[in-house]
Every structure is written in C-alpha cells, then in structure tokens.
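Here are a few friendly notes to read alongside the structure. Take them one point at a time, and keep the view open as you go.

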Amino acid sequence: MDEGIAQADPSATTLALDIGGMTCAACATRVEKSLRKVDGVADAGVNLATEVANVRIAPGAVRVSELIAAVEAAGYEARVHADAASNAPPMPERADRGGLWVVGAALLSLPLAAPMLLAPFGIDAMLPGWWQLLLAAPVQFVFGARFYRDGWKAARALSGNMDLLVAIGTSAAFGLSLYSLLAHGDGHGTHYYFEASAVVVTLVLFGKWLEARAKRRTVDAIRALQALRPETARVAVGAREIELPIAQVAVGDEVLVRPGERIPVDGEIVDGSTHVDESMLTGESRPVPKRPGDRVAGGSINGEGLLRIRTAAVGTETVLARIIRLVEDAQAAKAPIQRLVDRVSAVFVPVVLGIGLLTLLGWGLGAGDWTRAVLNAVSVLVIACPCALGLATPTAIMAGTGVAARHGILIKDAQALELAHAVRAVAFDKTGTLTVGQPDLLAAEPAAGVDRGALLALAAAIQHGSEHPLAKAVRRAYEAAPGGGAPLPDVSGIRAVAGRGISATLRQDGGDLEAFIGSAAWMAERGVDLAELAASARAQEAEGRTVSFVAMAPAGGAAQPPRLLGLLAFGDAVKPGAAAAMAALRRLGVRTILLTGDNAGAAASVARRIGLDEVRAQVLPAQKAEAIRSLRAAGSGAQQVVAMVGDGVNDAPALAAADVGIAMGTGTDVAMHTAGVTLMRGDPGLVPAAIDISRRAYAKIRQNLFWAFVYNVVGIPLAALGYLSPVIAGAAMALSSVSVVTNALTLRRWRPPGDH
C-alpha cells in the first residue's frame, strides 16, 4: 500500500476507502468511530451498502497507512477506493458468504430440522444425540466460524455487532444441548436443541448471501457505466493504425473509430460524419448527428460513418469517468435521515445484550426453567440483528441514483436526493435553461406582394458571409424552409453599417438594386415607410423579440423611394417540452418561477408560452441568490424547500443558495459543479422527473425504516416473552434484511413521468 500522503491533490479534502468485513450497521458505526479518532480526520462516514468510507481530512495531514491501520485495528479490512476510471477489482468477498457454504450448512442442518417438520404428521425421525452433535458441530464451528471471528473483534473493541449476537445466541443453544447430552446421556426421551443452533446459523448465512446478491444489484448502474469503457483504441500513426490499451492513448492522438464501434476517448471529430448514440450520457435514445468540429464523448456508439477523432481527454478526465464518480459519490454519501439510524445503531447492540440478559435471568429465576430461559434469550439475540436498519436508507439511495443516472439525471449527493422530495417551488433561469440559448428567426412576415420564400432568400444572401448570431439564425431558417437548398440571389458589395444593419447590391437584368436589413431607426433614416408592418412590429416587440426590417432601393441614389419588403423577428426559441415540464410540475404541486436578467417583455412572453406561475425579470446574478432566499421564506410557517435550475456562471450563486441546485448538462462546468443534480441532456422535462424519483426514493426509505423498526420492536418483546423459537427468530431476522433490500430494488423499474 502506498505510504504517501492520502491526498495527492492539495485542494482535495475527501478520501474514499473500500471497507471489507462489515456485517451490520453497528460495524459501520465502529469503523466511523475508529477513523474519526485519527489525528487530522475532520469527519468520516461509512455506507454499509456500498462498503465505502468517505473520510474528510486536512490536506497533507494524514497518511493512507494511518487510516488503514485504524480500520484494521477495529477488526476490518481497508484499501483505497478503486478510481472510477480504473479497472481495479472490488474488495474481495469472504468465501463463507458464498452459496456453497449455505448449501453445505443446509445439508447438515436438514436432518436436524426434519424431525420438527415431520412431527405434526406423527412421524418420529429424531436422531440419537451423538448423531445430532456430529451434524451440528461443523455447522456451528466451521460454517459459523465467521460469527466467532468477527464477534470476538467486536467484543475486543468493547463494541457489539450482529456477529456477536449470533455467536452468543447459537453458542448458548449448542452449549445447553451438549450439557444435556453429557449430563443425561443419550436417552431417547431427552430433547436437545442442536437443530436450533444449526438452523439459525444456516438461516443467517442464507440471509447474508441473499443480501449480498441484492446489494450487488443496487450498484448495477456503476457496473453498467464501467462496462461502456473500451479497453483499446485504434490510433493513427502516420499512415499506420496501431491498437493501443486505452491507458496509453495521449491527448492529441488521433483515434480511428469504425461504424458500430464504441468511441474510446473524448475528443473532436477531425474527419467523417455520422450519427452517435449518446443515450448512456444523456438518456436520450435518438442518435445525434455529428460532423467535423463536433465533440464526442467516450463510451458513446458511432453510427454509420468512419471517424477520425483528435483526443481531448482520457482516463479520469473523460465525461464518462466524471459521471461514474458522481454516481459513486452519491451512492456512497449518507442522507440526513441516516444520521438518526446511526445514532440508534450505536446503542442498539448493547441494549439488546442487556435485554437478552434480563430475559435469561427473568425466565431462569422467575420461572425456574433455565432451559426455556436460554432458548428465549437466544431468540432475543438472534432476531435483534440491526442489518435491516443499516441497509434501509443506503439501498434506497443507491437504487434511486442508479436508475436516475440511466435516464440522464445525475444526482451528485444523497442530500439532494432526500431534499428534492419536499421541493415546493422551482426557480428557472431563462436563457439556455428554458430556451435554446441562441437567437432564432421566429417570424418572417413579408409585405404585400412579396413572397416569404423570396424574402428569406434575399435576407440569407445579404448575410451570407456574416458571423453575427442574427445572420446565422437567418441562414438556418432559410435552409430549413421548403426549397432552402436552392441557390441564393446574386449579391455583391456587402457592407456592415455599425449600429444600423447590413446592405448589399443585388444584381438584376433591369439594373442593380440596393437591399438592406436593419433597425427601424435606420429604415427611417433611409426614408422607408414602415406603416404597413408597424402593428406587427409592435406585437413582436411586445413578445420580447428583436425586429429587423428588409427593404430595397434603386442603386446609385435614384429618386425612387425605397420599398419595404418585410420584417424579421428574432428571439430565443423555447425548448421543446418546456411547457409539458411546467404542467408536470403543477401536477406535482410545485410552483414555478422565472428568474432572468432579460427584459420584462421577453420574460413575460416565455412565461406565457410555457405556463410559468411567476416572473421576476431584470434580476442580476447576485439578486438571483437573494430571490431564492426570499422564495424559501415565502412558505407558510416553516421555510419551503426551493430548487433552482440554471446553466450559466451567473446562475452559480442561486444554485448554491437553493436547497436543491439543478444544472443543465449543456451549460457551464461552474454551474454543474455548484448544483447537486445535473440534467445530462438539458431537457426541462427532467426537472419534474428528478423530483418524482426523489419522492419515490424517500418513500422507499420511510417504508424500509418502518419495516426495520417493526421487525425489532415487535420481534424482541415476542422473543423475550417466549413466543418465538430461535429458528423462527433466525428466519425473521434474515427476512428483514432481504425484504428491505428487495423493496429498495423496486425503484429499478422507475421511468420518468410521461416516458413510454
């Protein structure tokens, strides 16, 4: 193990460790306490389901070896968590957790349990005592050795865990039976309890095996993402192609990707056109067209074209590696509700041991039946395992974040997942969040006697070489219009007039004409009569759009007045699905607010088209954060939970101020780093989906905690009063853990509302 400083990056404050050997919530609590005692550790949290410890440390203050030594001193295994971009194997599972050990224990236990099963039918199949001892001993001390080993570690650390409870309970039943056998001989009428100890050990092993299998399914999202990484890449070196391991590909290398292959690196297309399936990044199933100059992400699938890609990122810096890290971090983090569970688990095992002792003394001294006293105490110890309590929250969080990631919703921390269920107001930025983020030609209205297609063609010709955003919008509109591929009119002498517009000479057989596009003020200076379209222009401006006019005049300053050809209205188009997203939020009982720095007209227009509840326009970035705080205080009584959705650097303060920050994946890195949730395809429809999965995950957490507490609160008194045998108690304990994990796994069937 590397003896260097835990934090290679001085700015980093968190180190992840894989922990091995934990069996219940009490184990996780003990590992946390051990790590927190290390000098330089600010805090530590252990997730039982992922078996990962997140340790917050002062930069440069703690060595990896110190942290690992602390974990090992507590009786567990530890190593640095495998990085998202690596292919390091997971922490090895203990062999005695495997199915073969369960089968072996079951085969030996079955002859012991058979008489109990056959007795109701009048069949006496009871084995002689020495045969029972011969069958029970391997189950107790070979297959059940893990309980003694891990229970001893807990006891030595003056703590308790599930293994200690099982070891004490089954040993008591086994010891009572052995005492009876040695004291009274192998008389046929003597009853032994070897079957209780053997069957309990077998059931607990079976429950842990089922639990481990179910827990592995909760991290399927991570494994599926990791499987998307190609192991090799075809690199172009001169005229040759060399296949290299992906770890040897460097930034700047040109990689060749054939049709149907998975793209191995992040980069820019140098040559070739295709469609790329980016569903693993965005959740969007439709292939995206790509051509030279476009960026592609490693792990996406090339369609029909041969591509040459210049590598821009490899290893841990790829989009896929960052996504994997985000999902891992979310699954390893603790939700706020888990803190209550941790506090309960910390005192649970000592309390159970106390109840077990009281049960033993109560039945032994009170009723004088020490055999019954031992069996009832065993039942108390066995049914009280806190596994279900420890798994209730993390399994639901893992399943929820995993299924959300498959649909393009990256939930970066457990707190965001838990808080989002209570969101009652969502504030949206406008540009790039609810709108496309670039100007589009939203209206082209010709004057009387002018064909709309001819108007668009002339406007596109005049602005053919311009890089101005409005010029690009005109060209896009012309190309998308019917007949947009036709040759443009022949123009020359294109001239840009600063602050006014642009003009050009249009060549015609009857003589040259001057065509020009610009503002109303420039048109007035040129003597263009705008009366015909003045009402339309006012209506467009009321919608917050920018209006330009197209006119034509004889070249050379002839006396004939210029003629108005039409108007062009530009605006930022609303994203498809934005209106449906607002309707979905209303159905969830969530109020929607627009926070934008744009003018009131443009803001009101967008709000009207998509159905927002409230508009706050001309809001500066610093004022957005204040607006979020005012929305939080607007709730009746307690503060209402507010989410902020944005995509730009100017949204970062508001994203940080909100209870839940939601960033568009098409936006800036600053926004995505600030927010707790990232929508990979920038679709507003994923906002109600994120709230919906949060509500469902939180419901699962509450259900799991309810059942976990019910098993213990109901089971322990019943066992203490003698209504549960050790065998039934063992079955109930195993069922509690499996039912909690299985309930969480039902989240895997979730689909975003309206997604068919």
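1. Start with a helix pair: the axes of α15 (residues 452–462) and α16 (residues 469–480) come within 9 Å and cross at roughly 140°. That angle makes α15 oblique to α16, because angles under 35 degrees count as roughly parallel, over 145 as roughly antiparallel, 65 to 115 as roughly perpendicular and the rest as oblique. Axes here are lines fitted to C-alpha atoms, for helices over the stretch in contact, with angles running from 0 to 180 degrees between N-to-C directions.

2. A word on the source: this is a predicted model, in which local features need pLDDT of at least 70, side-chain atom pairs count only at pLDDT 80 or more, and totals for chains, interfaces and linings use all residues. Residues are numbered from 1 along each chain as its sequence is written, and side-chain values use heavy atoms, with hydrogens and water left out.

3. Next, find V52 in strand β3 (residues 52–57). Is V52 buried or exposed? With a relative accessible area of 6%, V52 is buried (buried means under 20% relative accessible area, exposed over 50%, partly exposed in between, with a 1.4 Å probe and protein chains only). V52 and H81 are 29 residues apart in sequence and 7.4 Å apart in space, C-alpha to C-alpha.

4. Now look at A61, in the loop between β3 and α2 (64–73). A61 is partly exposed, at 40% relative accessible area. From A61 to D39 is 22 residues in sequence and 8.0 Å in space, C-alpha to C-alpha.

5. Finally, L721 sits in the loop between α24 (686–720) and α25 (726–745). Its relative accessibility is 52%, so L721 counts as exposed.

Methods
Helix = DSSP H or I, 4+ residues; strand = E, 2+ residues; numbered from the N terminus.
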